[in-house]
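Visitor: I am new to reading protein models. Could you take me through one, feature by feature?

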Amino acid sequence: MCDFIKPTLKLANQETPVIIDSMKTSNLVATDSKEFINESKNIKTGGESVYLNCFIAKDAPRKLDFLILVIETLQINATDSLFLKAKNIGLSDEFTSRVQFWKIRCSNPFRKSHTSLSLSSEQIDSLVELISSMAENLYPLIRQLLSSKESKTLNQERWLLFSSRLKSLISERMNVKRSYITSLLNDDKLEFFRELLVILSLSCGKGGAYRLKASLYHQS
């Protein structure tokens, strides 16, 4: 099970949308659970998160951008759906503008067109809300890919289609000269892609946004 799953489930005090067993440590999150937020001190019961003595993790832009990349893999014309969703949930104009949204995503250092701009806490909150809302809509597809009840042949066909599409987007958007990106494209076990789907599945439903946000912060 991914390291961020245990603490974030406690933070949100919600059940997991789907039970995922035998998952190894995620490439996306810190390996020391002590780095995560102390839920008893930092979460208000009124549904509002307060992160005391915490800071945004350096890899937060990378995590968020890769999660959006998975959403784009799962849904055709996902960009238009993202903009529509952003408008419907009341996000600022920068999340409904292609240019501004592209600039936000280019904060991922593995992008071909990487910018040195850092994401503000407000931008991260908006991205978390957007990803959680989109994941909710895509949950049936996510569950199909993660399900162990499907026939092996059908599951393999779905994973072949999903992984091919995701690798194509990674090659198109990311700097393939970076060793990290090369390793993702050459990974036949697809563990990284599976972990991304697990994170999205845990970002669904009531408390999903809080679970996702908690994984993006470290305690100072």
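**Surface, helices and core**

Guide: The accessible surface of the protein chain comes to about 11500 Å², and 49% of that area belongs to carbon and sulfur atoms; areas of this kind come from the Shrake-Rupley method with a 1.4 Å probe, and for residues only the protein chains shown count as cover. This is a predicted model, in which local features need pLDDT of at least 70 and side-chain atom pairs count only at pLDDT 80 or more, while totals for chains, interfaces and linings use all residues. Residues are numbered from 1 along each chain as its sequence is written, and side-chain values use heavy atoms, with hydrogens and water left out.

Visitor: How many helices and strands does the protein chain have?

Guide: Helices (H or I, at least four residues) and strands (E, at least two) are DSSP runs, numbered from the N terminus. Here there are 10 helices and two strands, and along the sequence they follow the pattern α-α-β-α-α-α-α-α-α-α-α-β.

Visitor: What percentage of the residues count as buried?

Guide: A residue is buried under 20% relative accessible area, exposed over 50% and partly exposed in between, with a 1.4 Å probe and protein chains only. By that rule, 48% of the 220 residues of the protein chain are buried.

Visitor: At what angle do the axes of helix 7 and helix 9 cross?

Guide: Axes are lines fitted to C-alpha atoms, for helices over the stretch in contact, and angles run from 0 to 180 degrees between N-to-C directions. Helix 7 (residues 152–173) and helix 9 (residues 191–202) have axes that come within 11 Å and cross at roughly 95°, which means that helix 7 is roughly perpendicular to helix 9. In this scheme, angles under 35 degrees are roughly parallel, over 145 roughly antiparallel, 65 to 115 roughly perpendicular and the rest oblique.

Visitor: Which residues of helix 7 and helix 9 meet?

Guide: Contact means heavy atoms within 4.5 Å. Trp159, Phe162, Ser163, Leu166, Lys167 and Ile170 in helix 7 meet Phe193, Arg194 and Leu197 in helix 9.

Visitor: Which residues have the most contacts inside the largest nonpolar core?

Guide: As a general idea, nonpolar side chains in soluble globular proteins tend to be buried together. A nonpolar core is a set of buried Ala, Val, Leu, Ile, Met, Phe, Trp, Tyr and Cys residues joined through side-chain atoms within 4.5 Å. The largest one here has 54 residues, and those with the most contacts inside it are Phe66, Phe162, Ile170, Phe193 and Leu197. Helix 6 gives the most to this core, with 12 residues.

Visitor: Where does Leu166 lie, and what does Leu166 touch?

Guide: Leu166 lies in helix 7 and counts as buried because its relative accessibility is 0%. Not counting residues up to four places away in sequence, Leu166 touches Leu69, Val70, Thr73 and Phe193. Leu166 and Val70 are 96 residues apart in sequence, and their C-alpha atoms are 6.7 Å apart in space.
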